[in-house]
Amino acid sequence: MDFLTPQDIESILEITGLSTDDLASELGVSRVTISNWINNKQDISLKNIDAFYEYAFKKGIRLNKIKEQFYREDMIKGDERLLFHGAKTKIEGNLRTDYSKRINDFGNGFYCGESMEQSAMFVASHKNSSLYMLKFDPSGLKFKRFCVDREWMLTIAYFRGRLSGYSHTDTVKNLSETTRDIDYIIAPIADNRMFEIIDSFIDGELTDIQCQHCLSATNLGMQYVFVSEKALSRLTILERCYLADSEKLSYLNARQESFDMNMDKVRLAKKQYRNQGDYIEDIMI
């Protein structure tokens, strides 16, 4: 799926009140070129696509956010859900359960987030990244929901290969059954800083209670992990959205600000909940 740039150009003209001549002047192209783009009579180069979305974002127009709001309004009456997927480049072919690496949070699956900003943040550092908006119909599907607790922490560690030394225990054997025979998973998003905290728990440096409160401090929202073909068949790509460099930078700056604040809470959580809860060797039986 390509970007819906011709429609977006029309949207920007409507929002700003600019004429075709005005926008052509801003982008350094002719009025005829703009008209040809709008009417799909001429392909738009990636350079011009980037220039257009950069112009819109720097004018303060949050086009992707507006689209998100319209899509949510269209789904408000049903059980359909709006989800987001950040891609380092673009999705090639059909959606697949093996789209992600096996060592991800829950192994192979197609991963989406509930938050547009969070999904964009994860790919904002990649040059050719883009954002997908998708519609999901969950009716009749089996799912497993996790929250930030011991089960979630251990399940993440299990799929990340961090519990190999405890493979003989009943706890790990039970974890291997946690996500069997389901279609999709709803769980907190984990990133590299979360994995570092979980590693400290697995290495016996933190108790489960300390780890839980530290992870709660790094709240990144919820993710949907599609692990069955049946679940993928209920997932429809609505649009591939362009991420201008200025928009990416705004997400990265927001992520850094959130990181700094959250890490302060992590430090305090380690102290406040010291010696509360169980260490990993007491849990793995």
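# Briefing: contacts and charge pairs in a predicted model

Asn64 touches Met116, Met133, Cys241, Tyr242, Leu243 and Glu247, leaving aside residues up to four places away in sequence. The structure is a predicted model. Its chain holds 13 helices and seven strands. The C-alpha trace spans about 70 × 40 × 35 Å along its principal axes. Of the 285 residues, 46% count as buried. Among contacts with a separation of 6 or more, 81% are between residues 24 or more positions apart.

**Asn64 in its setting**

- Asn64 belongs to helix α5, which covers residues 63-75.
- Asn64 is buried, because its relative accessible area is 6% and the cut-off for buried is under 20%.
- The side chain of Asn64 also reaches the backbone oxygen of Tyr242, at 3.1 Å.

**Salt bridges**

- Side chains of opposite charge can pair when their charged atoms come close.
- The count for this model comes to 17 salt bridges.
- One of them joins Arg160 and Asp105, with the closest N and O atoms 3.1 Å apart.
- That pair links distant parts of the chain, 55 residues apart. Arg160 is in the loop between α7 (150-159) and α8 (170-175). Asp105 is in the loop between β1 (81-87) and β2 (110-113).
- Arg160 counts as partly exposed, at 27% relative accessibility, whereas Asp105 is buried, with a relative accessible area of 4%.
- Another salt bridge brings together the side chains of Asp208 and Arg150, at 2.7 Å from N to O.
- Asp208 lies in helix α10 (residues 208-217) and Arg150 in helix α7, so this pair ties together parts that are 58 residues apart in sequence.
- Asp208 counts as buried, at 6% relative accessibility. Arg150 counts as partly exposed, at 30%.
- Arg180 and Glu177 also meet through their side chains in a salt bridge, at 2.8 Å from N to O.
- Arg180 is partly exposed at 46% relative accessibility, and Glu177 is partly exposed with a relative accessible area of 44%.
- Elsewhere, salt bridges that share partners join Lys65, Glu68, Arg72 and Glu117 into one network.

**Helix α7 and its ends**

- Asp149 caps the N-terminal end of α7. A side-chain oxygen of Asp149 lies 3.3 Å from the backbone nitrogen of Glu151.
- Within α7, the buried residues include Trp152, Met153, Leu154, Thr155, Ile156 and Ala157.
- An α-helix has 3.6 residues a turn, so residues three or four places apart point the same way.
- Just after α7, Gly161 takes a positive phi of about 75°.

- β2 pairs with strand β6 (residues 222-226) in the antiparallel sense, over four bridges.
- Within this pairing, Cys112 stands opposite Tyr224 in β6.

**Aromatic rings**

- The whole structure contains 13 aromatic pairs.
- Tyr184 and Tyr224 form one of them, and it is stacked. Their centres are 5.9 Å apart, with 5° between the planes.
- The pair counts as stacked because its planes are 5° apart and the cut-off for stacking is under 30 degrees.
- This pair also links distant parts of the chain: Tyr184 is in strand β5 (residues 184-188) and Tyr224 in strand β6, 40 residues apart.
- Tyr184 and Tyr224 are both buried.
- Phe136, Phe143, Tyr184, Tyr224 and Phe226 form one aromatic cluster.

**Charges over rings**

- The charged end of Arg62 sits over the ring of Phe57, 3.7 Å from the ring centre.
- Lys144 lies over the face of Phe146, at 5.2 Å from the ring centre.

Notes:
Residues are numbered from 1 along each chain as its sequence is written. This is a predicted model: local features need pLDDT of at least 70, side-chain atom pairs count only at pLDDT 80 or more; totals for chains, interfaces and linings use all residues. Side-chain values use heavy atoms; hydrogens and water are left out. A salt bridge is a side-chain nitrogen of Lys or Arg within 4 Å of a carboxyl oxygen of Asp or Glu. Helices (H or I, at least four residues) and strands (E, at least two) are DSSP runs, numbered from the N terminus. Buried means under 20% relative accessible area, exposed over 50%, partly exposed in between (1.4 Å probe, protein chains only). A polar contact is a pair of N or O atoms within 3.5 Å; within protein, one must be able to donate a hydrogen and the other to accept it, and residues adjacent in sequence count only if both atoms are side-chain atoms. Contact means heavy atoms within 4.5 Å. Two strands pair if DSSP finds at least two bridges between them. Rings of Phe, Tyr and Trp (its six-membered ring) pair if their centres lie within 6.5 Å; planes under 30 degrees apart count as stacked, over 60 as edge-to-face and the rest as tilted. A charge sits over a ring if NZ of Lys or CZ of Arg is within 6 Å of the ring centre and within 35 degrees of the ring normal.
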